[in-house]
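Here are my notes for you, written as numbered points. Keep the model open beside them and look up each residue as you go.

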Amino acid sequence: MVREPAARMLSHYAFLQHTEPMLLKANERMLSVEDLLEKKPHVHFDNPLVRYFGGVDENEFPAGSVNAQLYEKAVYYLRTGFTFVGHQEFAAHAYAWLSKRFDWTARPALEIVNAAPIRLEHARIASIRKVIESCNRWDYLLYQEILQLFPPTGS
């Protein structure tokens, strides 16, 4: 299951604010998403989609080191190693497709848990999205590949 990169990043940031706020602090000050991305303190905010599909950990590619070689590796694995990639934004559809494909009958539908909408103004989201796209360009390129190979509707 994948999620649009900016939505995933903002959700992860909000999650950490509630669960591990110390990870988001520098000099006793809470870092904004933009500050966090510029500092690249953790691999979870540095092209994580490419890292996941590329099968690497932070020892191989520390924060700030994702490059074209790793991106190509991730694209290769995406194209050769997956018969299905679902989209979180269409999780119910992905679950229905998987249920049919694997003859799952335990639950008729996917239960939605941990749904916490991010409440930001549209202008703020647009500015944050630009920073996320700039700092995570490899994720956006891979996400475009995913959209072409595995459209969100599963068709």
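1. Start at Glu145, which, leaving aside its neighbours within four places in sequence, is in contact (heavy atoms within 4.5 Å) with Tyr71, Val75, Leu78 and Arg79. Glu145 sits in helix 7; helices here (H or I, at least four residues) and strands (E, at least two) are DSSP runs, numbered from the N terminus. Is Glu145 buried or exposed? Its relative accessibility is 16%, so Glu145 counts as buried. For that word, the cut-offs are under 20% relative accessible area for buried, over 50% for exposed, and partly exposed in between, with a 1.4 Å probe and protein chains only.

2. A word on the source before you go on. This is a predicted model, where local features need pLDDT of at least 70 and side-chain atom pairs count only at pLDDT 80 or more, while totals for chains, interfaces and linings use all residues. Residues are numbered from 1 along each chain as its sequence is written, and side-chain values use heavy atoms, with hydrogens and water left out.

3. Now the overall layout. The chain has seven helices and two strands, and reading along the sequence gives you the pattern α-β-β-α-α-α-α-α-α. It has 155 residues, of which 35% count as buried. Take the contacts in the chain with a separation of 6 or more: 62% of them come from residues 24 or more positions apart. The chain exposes about 9,800 Å², and 55% of that is supplied by carbon and sulfur atoms; the areas come from the Shrake-Rupley method with a 1.4 Å probe, and for residues only the protein chains shown count as cover.

4. Next, the inside. A nonpolar core is a set of buried Ala, Val, Leu, Ile, Met, Phe, Trp, Tyr and Cys residues joined through side-chain atoms within 4.5 Å. In soluble globular proteins, nonpolar side chains tend to be buried together. Which residues touch the most other members of the largest core? They are Val50, Phe53, Leu142 and Ile146, in a core of 18 residues. Helix 3 (48–54), helix 4 and helix 7 (137–149) each supply at least two residues of this core, and helix 4 gives the largest share, five residues.

5. Not counting residues up to four places away in sequence, Leu142 touches Leu49, Val50, Phe53, Tyr71, Ala74, Val75 and Leu78. There is also a second, separate core of 15 residues, with Tyr13, Leu16, Ile128 and Tyr140 among them.

6. Two backbone angles to check. Glu28 has a positive phi of about 65°, although it is not a glycine. You'll find Glu28 in the loop between strand 1 (25–26) and strand 2 (29–30), and Glu28 is exposed, with a relative accessible area of 70%. Asn47 also has a positive phi, near 50°, and is a residue other than glycine. Asn47 is in the loop between helix 2 (33–39) and helix 3, but with 2% relative accessibility Asn47 counts as buried.

7. On to the rings. Rings of Phe, Tyr and Trp (its six-membered ring) pair if their centres lie within 6.5 Å; planes under 30 degrees apart count as stacked, over 60 as edge-to-face and the rest as tilted. How many aromatic pairs does a search of the whole structure find? It finds six. In one of them, the ring centres of Tyr95 and Trp104 are 5.8 Å apart and the planes are at 45°, so this pair is tilted. Phe102 and Trp104 make a stacked pair, 6.0 Å centre to centre with 25° between the planes. Tyr95, Phe102 and Trp104 form one aromatic cluster. Within it, Tyr95 counts as buried at 15% relative accessibility, whereas Trp104 is partly exposed at 40% and Phe102 is partly exposed at 46%.

8. Last, Leu110, in the loop between helix 5 (91–102) and helix 6 (122–135). Leaving aside neighbours within four places in sequence, Leu110 is in contact with Ala91, Ala92 and Tyr95. Leu110 and His93 are 17 residues apart in sequence and 9.0 Å apart in space, C-alpha to C-alpha. Leu110 counts as partly exposed, at 35% relative accessibility.
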